[in-house]
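Please report on how this chain is held together on the inside. Cover the core, the ring pairs and the overall fold.

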Amino acid sequence: MNLLINFCLVLFVLVATLMVFVILMQRPKSEGLGAAFGGGVTENIFGAQTTNVLVKFTTWLAGIFFALTFALSVLYAHQSVASSAFRRELMKNQAAPQTSPAPAGAQSSPGITPAQASPAVSPAASAAPAGSPKS
């Protein structure tokens, strides 16, 4: 699972970096950073339709970027659920007290059942904390 997450993270960073460069290469209407990063050079390489190529490439990169974002969110959610289920199982095993049979001398009179021998605790009394003030 961690290998897949790391691979997706590397792809995510590469796509994000490539998307930044492609967006900066595009020629804006005001001739801003596109001209500074070689807007004329891209026309010589790709032809006169450079704007269409860069727009399509940016669209594909944005789609891949959002798909990777969604995949990473699903993978991280799956990893946290799996680890929390594992922790829950560990806590359940640690919290389970060792139950041992009652000693033979605990039942002194044969006519008294264990429910009668133990003091009765009402559910309302056990639900309220001992030190909390009641209003």
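The largest nonpolar core has eleven residues: Ile-5, Cys-8, Val-15, Met-19, Val-22, Leu-54, Leu-61, Phe-65, Leu-68, Leu-72 and Leu-75. A nonpolar core is a set of buried Ala, Val, Leu, Ile, Met, Phe, Trp, Tyr and Cys residues joined through side-chain atoms within 4.5 Å. Helices H1 and H4 each supply at least two residues of this core. H4 gives the largest share, six residues.

This is a predicted model: local features need pLDDT of at least 70, side-chain atom pairs count only at pLDDT 80 or more, and totals for chains, interfaces and linings use all residues. Residues are numbered from 1 along each chain as its sequence is written, and side-chain values use heavy atoms, with hydrogens and water left out.

Leu-54, one of the core residues, touches Val-22, Met-25 and Gln-26, leaving aside residues up to four places away in sequence. A contact means heavy atoms within 4.5 Å.

Now the rings. The structure holds two aromatic pairs. Rings of Phe, Tyr and Trp (its six-membered ring) pair if their centres lie within 6.5 Å; planes under 30 degrees apart count as stacked, over 60 as edge-to-face and the rest as tilted.

| Pair | Centre to centre | Angle between planes | Type |
|---|---|---|---|
| Phe-12 and Phe-65 | 4.8 Å | 20° | stacked |
| Phe-65 and Phe-66 | 5.8 Å | 75° | edge-to-face |

Phe-12 sits in helix H1 (residues 2-25) and Phe-65 in helix H4 (residues 50-95), so their pair ties together parts that are 53 residues apart in sequence. Ring pairs link Phe-12, Phe-65 and Phe-66 into a cluster.

Phe-12 is partly exposed, at 23%. Phe-66 is exposed, at 59%. Buried means under 20% relative accessible area, exposed over 50%, and partly exposed in between (1.4 Å probe, protein chains only).

Last, the whole chain. It has six helices and zero strands. The pattern along the sequence is α-α-α-α-α-α. Helices (H or I, at least four residues) and strands (E, at least two) are DSSP runs, numbered from the N terminus. Of the 135 residues, 13% count as buried. Among contacts between residues at least 6 apart in sequence, 70% join residues at least 24 apart. The chain exposes about 10,900 Å², and carbon and sulfur atoms supply 69% of that area.

Notes:
Accessible areas come from the Shrake-Rupley method with a 1.4 Å probe; for residues, only the protein chains shown count as cover.
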